[in-house]
Amino acid sequence: MEKDIVKRVGGWIKGKVKYYICFCRVALFVTAAVYCHNVVNYNVLGVLVTCFTLNLKKDTIRRSALLENVREGLEIQVKAWAYARRSGFRKIIIFSTAAYILGLVMFYLSASNRIPNTSFGLYMFLSVLIAVGKAGGVSFLKTYLLDELIAGHENISDINYNRAQWRTKIWLSPAGVLVVFPTPLNFDEPWSRMFLNSMYMVGAASFLSFCGSLFSHQRHHPDTKTESTKRHRKYPDTSDEYHLKNDHQTLPPDQPFNNDGNQLPESSPTAGAEAQQKSPSLCSVKQENVGKLLLRMIPMWSAFIVFGLVMSTADTFFSVQHNNMDDQIDTSYFLLAKDVLKVVSACLCNFLVSRRISRSQQNLALKMIICLGMMFSVLCPSFAWQVEVQRLKIVHERGLHGVSEGTKVPMSDLWLASQFCLWGLAEGLAISGLDEFFSHHVSKSMEDYGSEVFNKIPIGIGSFLSVVCVSAGKGWFGNTLNQSRLDNYYRMITIVAWINLCWFFFVSTFYSTKEEVADEGIQLQEIIAEVG
């Protein structure tokens, strides 16, 4: 009896180890490259805004925020671009590394006073270079590793894809854990040395990525355009793509559609294979279907524009707050704790939805998860608002208005722990919920583009919206944080986030609470009814 139990437990453990863990030479190099990027992200880029506040001479806080917001918005868009073109892995690594290192070199020259009195315009150019450099960073390498782990499978089943996802997370987890420990290079030095060390780490990451690509399976990655944008496709020789039979009507295989969904008459001179290739305004039923499925996501995406604004505000000002308070815990540890909560909450969300909730109730569960993330996005700036109120009280009591930027206010930075935690929970729940929600409402072939392309766009727009908000609140920002009214800005963001939460409640009613299977041919009957 006992032997049988031990045998069963041993077999179960062996099966789980075999399912979640595998040896892959590419993964070794990619994990090391991701570690190098993480070191730079947490120790330099995560607090880069404080470098701006120390070096800009006029309208410091507002212009520093503008630089950070533009960099964040561009970074999101560039990452989406890199994902869609990841078939050229080495080209993207070369291009992004060149931009990254050039930006770090110029930051180093500026910090070491070899470029005296660096202007706002030059800092903006350097921020753009860093944003372009991040195209080949952690998210891109993570996607590349996932593609490699599922390489060799022409028809990838759900279980194999999920296995590859878990194996990717397990392989990359050491790259996140090791950041907690002392790094090979010291990042507690002046900014000039920090930028120089960052160059070494980015160069090492690029070298490791190239070494890993030598062991690649050379798997063909998806094309640069999604199905909804492929207008110049070869007209099909068979009726499979354009032909639908049911009890009532038949769609002719040689009958194209305009992009507006109107079926062209059979006598139309544009009907046929030759015209289909020449006219970019024609698309297949499948293309039209994908477009309709994406249009259904627009109301949900609209709620994530303000969410992106809130996240951009946190990314910009939380580090500035920390830089002006008693430094008991380094900013990099706050950022790491935020990311840990983000990953844990996202994994918990995925586990509950996939394992504990019935298929028919998953849509409702996902809307509730997104709603919870939205609620945290309201609490995050509201907590930051109250902390800033307390900080400014101490500034008034001690008469610290005229001190230089970076002078510590006698207030523990542990006050910031709650807002960093709420930031991580908001990102983890809302974004992971949106990714799952997207996969439930689009075709199978479009799922991969959700988390890396389409769902990032509204969040990136939110970062650019932050530029508008900071510019509109110009009177609240001075040359130092102590001379600014960041509490008023946080209050405004909190009010906007509350309004956005109400908007989310409204748009969520557009979607059914029951499961909607979005297969590529599921809505062909609707299209036929419209054009019939």
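Modeller: Axes are lines fitted to C-alpha atoms, for helices over the stretch in contact, and angles run from 0 to 180 degrees between N-to-C directions. This is a predicted model: local features need pLDDT of at least 70, side-chain atom pairs count only at pLDDT 80 or more, and totals for chains, interfaces and linings use all residues. Numbering starts from 1 along each chain as its sequence is written, and side-chain values use heavy atoms, without hydrogens and water.

Biologist: At what angle do helix α4 and helix α6 pack?

Modeller: Helices (H or I, at least four residues) are DSSP runs, numbered from the N terminus. α4 covers residues 60-84 and α6 residues 120-133. Their axes lie 8 Å apart, at an angle of about 25 degrees.

Biologist: Is α4 roughly parallel or roughly antiparallel to α6?

Modeller: Angles under 35 degrees count as roughly parallel, over 145 as roughly antiparallel, 65 to 115 as roughly perpendicular and the rest as oblique. The angle here is about 25 degrees. Therefore α4 is roughly parallel to α6.

Biologist: Is R391 buried or exposed?

Modeller: R391 sits in helix α14 (residues 362-398). Buried means under 20% relative accessible area, exposed over 50%, partly exposed in between (1.4 Å probe, protein chains only). R391 has 0%, so R391 is buried.

Methods:
Helix = DSSP H or I, 4+ residues; strand = E, 2+ residues; numbered from the N terminus.
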